[in-house]
Amino acid sequence: MFALLLMMVAISEVSAHAFLDHAAPAVGSAIRGSPAQVRLWFTQELEPAFSTVKVLDRSGTQVDKQDKQVDRANPALLQVSLPELAPGKYRVVWRALSVDTHVTEGDFTFDIVP
């Protein structure tokens, strides 16, 4: 009985975090042409004021339009607009605060190919 209770607590702890579900551009992808935005879908709704996303070029310079927002229609979607980007490797760095106050963070890259 104790083991079952412990397992239930562990499962509820894991499900209480907003993990990255998928992204566009996709994690590790190579795409043709500059995307208009980076979109990140999470496993839980996000707290807009404390969730961030940045897109960095190879030198570490932030290249997004710094207009990150959590989608009102889908509070599990975090997005940021991009200007026209040149071919190259870009790094997306995110920090997500779920509405239940748990923080997760991570990063991934995508390539724009000519």
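The model is predicted: local features need pLDDT of at least 70, side-chain atom pairs count only at pLDDT 80 or more, and totals for chains, interfaces and linings use all residues. Residues are numbered from 1 along each chain as its sequence is written, and side-chain values use heavy atoms, with hydrogens and water left out.

**Antiparallel sheet**
- An open sheet is formed by four strands in the order E1-E3-E6-E5, with antiparallel pairing; strands (E, at least two residues) are DSSP runs numbered from the N terminus, and two strands pair if DSSP finds at least two bridges between them.
- Strand E1 (20-24) and strand E5 (69-70) stand at the edges with a single partner strand each, so one side of each lacks a neighbour in the sheet.
- Strand E3 (residues 37-42) is joined to strand E6 (residues 77-81) by five bridges; Leu40 has Leu78 as its bridge partner in E6, and Trp41 has Leu77.
- E5 and E6 run antiparallel and are joined by two bridges; Gln69 has Gln79 as its bridge partner in E6.
- A hairpin of six residues connects E5 to E6.

**Mixed sheet**
- Four strands in the order E2-E8-E7-E4 form an open sheet with mixed pairing.
- Strand E2 (30-32) and strand E4 (52-56) are the edge strands, each pairing on one side only.
- E2 pairs with strand E8 (residues 103-113) in the parallel sense over three bridges, and Ala30 has Asp111 as its bridge partner in E8.
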